[in-house]
Amino acid sequence: MGHSSDSVSIAIDMVPFGGKEFLVKTSRGSLSVFVCGDPEKPALITYPDVALNYISCFQGLFVCPDADSLLLQNFCIYHIDAPGHELGANVISSDVPLLSVDDLADQVAEVLDFFGLKRVLCLGVTAGAYILTLFAMKYNERVLGLILVSPVCKAPTWAEWLYNKVLMNLLYFYGMCGVLKECLLQRYFSKELRYGMHGAESEIVQACLKLLDERQSPNVMRFLQAINRRHDLMEDLKKLKCKTLIFVGECSPFHAESVHMSTKIGRKNCTLVEVKACGSLVTEEHPLAMLVPIEFFLLGFGFQRQPHFASSSSNGSNPSSPSSQSCIAPELLSPEGLGIKLKPIKTRADIGI
């Protein structure tokens, strides 16, 4: 692992993943990167949506059953938070220049340089998915594959641009107020999850609200402003050389754009998984629906579940070997049972890790 005299590491005991937080100073400002796992293993980097950090955006996926054997045992996870979105973040000074989406993508490349990472798999949600898609376009030789959750790829419509302007005004004048939090919850979750069967908020929503209260409003406003000025990636999507897996909730405000993005990339390199009765934040609302598609996707790169976490009949073969036997539980091979529309996945790629 490469180190820089301009970076410090901070041990965090309160977070659920275990690991260590690194504050990486880039040419465009500092970034918090929370590292989980053995740095000798292949790298998986994550990037969350607006106003979220790695805990509020990815905890549901990484702590759900079987995620350990599928993800945490195969990869070293590098959770990148947007500037100023980490736990205990200070307000970014108004003297610091606003970053563009290209700046944010370039920061990701500098994070890889800091840790000495050559090629990585990427997992991003909505705004974070846009940043990682842009990163993959600019640094295609450094990306093995993309897992995108409810991604956006177009420039904002006038309606979205105006809506985001309203959110930024709320952040500026009122901070993380009730109206703003309700708007963000509509962005993340389905109506069913937000209100439940009896009008009561779910535990997932309550936990998200608590974490939103900890965000520094000016920092959220800066990230939202960058996303609101994003440029259109549609014409360049076919230039993506890596395999891509897209998840999108049927109730997501970005459903149509995510589906359109999958068609532009093309069926040869992209697979779309639509999750029923789910909003944008599939990683929290229906994380179990992601496991089987991700497992098939990773098989294309030669990754399998670690044998000792699979069935007792495992032959002890190398989990990273393409010839290893699949250990998917038979009951999980019914996508309808998980509430997903699973389209055929063809992700076999002869890529060396």
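This is a predicted model: local features need pLDDT of at least 70, side-chain atom pairs count only at pLDDT 80 or more; totals for chains, interfaces and linings use all residues.
**Basis.** I number residues from 1 along each chain as its sequence is written, and side-chain values use heavy atoms, without hydrogens or water. Local features need pLDDT of at least 70 and side-chain atom pairs pLDDT 80 or more, whereas totals for chains, interfaces and linings use all residues.

**Cysteines.** I searched for disulfides (pairs of cysteine sulfur atoms within 2.5 Å) and found zero. For cysteine 242, the nearest cysteine sulfur belongs to cysteine 122, 7.5 Å away. I then checked burial (buried is under 20% relative accessible area, exposed over 50%, partly exposed in between; 1.4 Å probe, protein chains only). Cysteine 242 counts as buried because its relative accessibility is 7%; cysteine 64, at 9%, is also buried.

**Asparagine 74.** I located this residue in the loop between helix H2 (67-72) and strand S5 (76-80); helices (H or I, at least four residues) and strands (E, at least two) are DSSP runs numbered from the N terminus. Asparagine 74 has 3% relative accessibility and is therefore buried. Its side chain reaches the backbone oxygen of leucine 70 at 3.1 Å, and a polar atom of that side chain lies 2.7 Å from the backbone oxygen of glutamine 304.

**Strand S5.** I noted that five of its five residues are buried. Cys76, Tyr78 and Ile80 lie on one side, Ile77 and His79 on the other. For pairing, DSSP must find at least two bridges between two strands. Strand S3 (residues 29-36) runs antiparallel to S5 with four bridges, and valine 33 has isoleucine 80 as its bridge partner. Strand S4 (residues 43-47) runs parallel to S5, also with four bridges; there I found threonine 46 opposite histidine 79.

How values were computed: A polar contact is a pair of N or O atoms within 3.5 Å; within protein, one must be able to donate a hydrogen and the other to accept it, and residues adjacent in sequence count only if both atoms are side-chain atoms.
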